[in-house]
Amino acid sequence: SSQVVSGNWTAVTGTHTIRLCADQPSPVVTESNEFNNCAMALITITAAPQPDLITNHQEIQIAGALTTGTALRFTSTVKNQGSGSAAPNSIGRWCIDGTETQCAGASTPSTQLNTHDFGVFDPGMISLSRTSNGWTATAGSHTIWWCADVTNVVNNESNENNNCHSKPFTITAAAKPDLITTHQDITIAGALTTGTALRFTSTVK
């Protein structure tokens, strides 16, 4: 007769040996052959498919003139370049200046412009374009950051170090007017003698 036996084990990646031994470890049955009580098999466990959310698959687009006072907006997408699906409810974040660590962290940084929620990402999927809130440009060098999964909802990515992408840019001072009156001589109408009503004429440029 035979009897079904079973056991549980949480699989880990790699090659493993499974053994089944009867009447072990302390034999109680006197057998005609004590050397055929064990059987074994080699099994190989492969890694489960993992997602990998990235933001560096395309350039960040900047809408607006790169001059002081302009309300700039930034646009990009998120892609799952992994082999597994990414869980829903991940959050992407736009930040102006600061560091990658600040923008990618779970806490809301002072540099945040806004965030976007995402659904399930199947392998190879690219999200719809997501645009930042407006930022009023100030003169100088700046960096815009776009980070995926900042709250680490997708915690089984094959690479957790490629969720952010940045783009440096420079804002120049807006052109200012310069009114002058020295571009031509002042014209004097009238005799240069006492009592004359003189009139002076010129232009502003």
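In the predicted model, A191 makes contact with T196 and L198, residues up to four places away in sequence being left aside. A191 belongs to the loop that joins β13 (187–189) to β14 (199–201). With a relative accessibility of 43%, A191 counts as partly exposed, because this class lies between the 20% limit for buried residues and the 50% limit for exposed ones. The C-alpha atom of A191 is separated by 75 Å from that of C103, a residue 88 positions away along the chain.

The overall dimensions of the chain were examined next. The C-alpha trace spans about 145 × 25 × 20 Å along its principal axes. The radius of gyration is 36 Å, whereas a compact globule of 205 residues would have a value near 17 Å. The secondary structure consists of 1 helix and 14 strands. Among the 205 residues, 26% count as buried. The chain exposes about 13,400 Å², of which carbon and sulfur atoms supply 53%. Of the contacts with a separation of 6 or more, 64% are made by residues 24 or more positions apart. The charged side chains comprise 9 positive and 14 negative groups, and the centres of these two sets lie 23 Å apart.

Strand β7 (residues 90–96) contains S90. S90 has a relative accessible area of 1% and is therefore buried. Beyond residues up to four places away in sequence, S90 touches L53, H116, D117, F118, F121, D149, V153 and V154.

A search of the whole structure finds 6 aromatic pairs. In one of them, W94 and W146 have ring centres 4.5 Å apart and planes at 20 degrees, so the pair is stacked. Because W94 lies in strand β7 and W146 in strand β11 (residues 140–147), this pair ties together parts that are 52 residues apart in sequence. W94 counts as buried, at 0% relative accessibility, and W146 also counts as buried, at 0%. Since F118 is located in strand β8 (residues 112–118) and W146 in strand β11, the pair ties together parts that are 28 residues apart in sequence. F118 is buried, as is W146. Ring pairs link F74, W94, F118, F121, W135, W146 and F169 into a cluster.

Notes. Residues numbered from 1 in each chain as written. Predicted model: local features only at pLDDT ≥ 70, side-chain atom pairs only at ≥ 80, totals over all residues. Heavy atoms only, no water. Helix = DSSP H or I, 4+ residues; strand = E, 2+ residues; numbered from the N terminus. Rg over C-alpha atoms; globule rule 2.2 N^0.38 Å. Buried < 20%, exposed > 50% of the residue type's maximum accessible area, 1.4 Å probe, protein only. Contact = heavy atoms within 4.5 Å. Areas by Shrake-Rupley, 256 points an atom, 1.4 Å probe, with all protein chains shown as cover. Lys, Arg positive; Asp, Glu negative; His and termini not counted. Charge placed at Lys NZ, Arg CZ, Asp CG, Glu CD. Phe/Tyr/Trp six-rings, centres within 6.5 Å; stacked < 30°, edge-to-face > 60°.
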